[in-house]
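Here is a short report on one structure. Keep the sequence and the 3D view open as you read.

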Amino acid sequence: MHKLEIKNFSVKIEDKQILKNVNLTINSGEVHAIMGPNGTGKSTLASAIMGNPIYEVTSGEVLLDGVNILEMPVDERARAGLFLAMQNPIEVPGVTNSTFMREALSAKEGKRVNLLEFAMDYEKKATELEMREDLPHRYLNQGFSGGEKKRNEVLQLKVLKPKIAMLDEIDSGLDVDALRIVGTNVNDMVGPEMGVLLITHYQRILEYIKPTFVHVMIGGTIVKTGGMEIIHEIEENGYVNFIG
Ligand code: ADP
Ligand code: MG
């Protein structure tokens with residue numbers, strides 16, 4: 001079992017306070033959906049937890065299995081078991097997709113990963129995501145469509161098997177089939193070994209990745225926590241009833 005505890009977490013960027021005293025505990029086996037209007041701080045939450053240095057933490061702590069991760073650089077956080085699928089995955093020309101993932105996995109495991117074993121596992125996982133066969137040999141995300149980038153983020157997730165996966169709008173730009181494939185692949189990983197923080201605008205992905213809790217974030221703070229009834233409320237009325 002794993003646990004990510006976010007306590008009293010406040011973050012600013014360029015003198016602008018974005019997150020204000022966010023409290024959230026994510027256990028493995030749980031899916032926490034975070035919803036909220038644009039610009040409310042959802043991506044900031046995920047990126048600051050992952051350790052993007054543009055964010056300045058002004059209060060609070062983040063513990064993974066009891067260990068404060070805020071002192072760690074990004075790569076150490078990844079090794080500790082955190083993963084962030086970014087809203088806008090970066091393209092890396094010159095580095096092939098499979099090389100990148102094998103390096104990432106080797107770094108996480110602290111040892112060279114056997115090439116043949118890696119290649120077989122990687123191909124199997126790419127097939128489960130119904131990805132194109134030329135993918136391992138292409139440069140990381142370069143020329144990938146929006147949907148291919150998102151599937152590739154989930155492929156990284158499947159390869160790296162983090163303890164806590166933060167997925168930032170993993171559903172954006174996906175057609176119905178891709179949404180189902182991405183959703184079921186993520187959902188299959190939720191269990192004693194992994195918990196999920198799922199940032200989304202749309203309820204459709206939640207048909208595949210069943211949330212244990214739904215949180216509404218407004219102005220950098222979680223203003224409401226509940227279950228699926230919150231989704232229905234947002235679908236009907238937007239966020240107006242949450243803005244106090
Ligand atoms: P969300 O993901 O909920 O749409 P973000 O976390 O991306 O919101 O952004 C929260 C706020 O932080 C917004 O007001 C946004 O303009 C600001 N912000 C985000 N990134 C930067 C940045 N690199 N520089 C300046 N402001 C930023
Ligand atoms: Mg965002």
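Predicted model: local features only at pLDDT ≥ 70, side-chain atom pairs only at ≥ 80, totals over all residues.

In it, two protein donors lie 2.1 to 2.4 Å from the magnesium ion (ligand 2): Ser43, through OG, and Gln87, through OE1. They come from distant parts of the chain, 44 residues apart. Serine 43 is in helix α1, while glutamine 87 is in the loop between β6 and β7 (92–96).

Now look at the strands. An open sheet is built from 6 strands, in the order β6-β9-β10-β3-β11-β12. The pairing is mixed. Strands β6 (82–85) and β12 (221–226) are the edges, and each pairs on one side only. From one strand to the next, the twist averages 20 degrees.

Strands of a sheet pair through backbone hydrogen bonds, either parallel or antiparallel. How do β3 and β10 run? Strand β3 (residues 31–35) and strand β10 (residues 195–199) run parallel, joined by 4 bridges. Histidine 32, for example, stands opposite leucine 197 in β10.

## Helices across the sheet

Helix α1 covers residues 42–50. It lies across β3, β6, β9 (164–168), β10 and β11 (213–218). Its direction makes an angle of about 140 degrees with β6.

Helix α7 (residues 228–237) lies across β3, β11 and β12. Helix α7 runs at about 45 degrees to β11.

## Two nonpolar cores

In soluble globular proteins, nonpolar side chains tend to be buried together. Here, the largest nonpolar core has 44 residues. Which members touch the most others? They are Leu155, Leu157, Leu167, Val196 and Leu198. Helix α6 (residues 176–189) gives the most to this core, with 6 residues. Apart from this core lies another, of 29 residues, including Ile6, Ile26, Ile49 and Leu82.

Setting aside residues up to four places away in sequence, leucine 155 touches Met101, Tyr122, Lys125, Ala126, Leu129, Met131 and Leu135.

## A buried serine

Serine 98 sits in helix α3 (residues 97–109). Its relative accessible area is 18%, under the 20% limit, so serine 98 is buried.

What does serine 98 touch? Beyond its neighbours within four places in sequence, serine 98 is in contact with Phe118, Tyr122 and Pro136. A polar atom of the serine 98 side chain lies 3.0 Å from the backbone oxygen of proline 136.

How values were computed
Residues numbered from 1 in each chain as written. Chains lettered and ligands numbered in written order. Heavy atoms only, no water. Pairing = 2+ DSSP bridges. Helix = DSSP H or I, 4+ residues; strand = E, 2+ residues; numbered from the N terminus. Axes fitted to C-alpha atoms, helices over the stretch in contact; angles between N-to-C directions. Contact = heavy atoms within 4.5 Å. Donors = N, O, S within 2.8 Å, 3.2 Å for Na, K, Ca; no water. Core = buried A, V, L, I, M, F, W, Y, C linked by side-chain atoms within 4.5 Å. Buried < 20%, exposed > 50% of the residue type's maximum accessible area, 1.4 Å probe, protein only. Polar contact = N/O pair within 3.5 Å; in protein donor to acceptor, adjacent residues only side chain to side chain.
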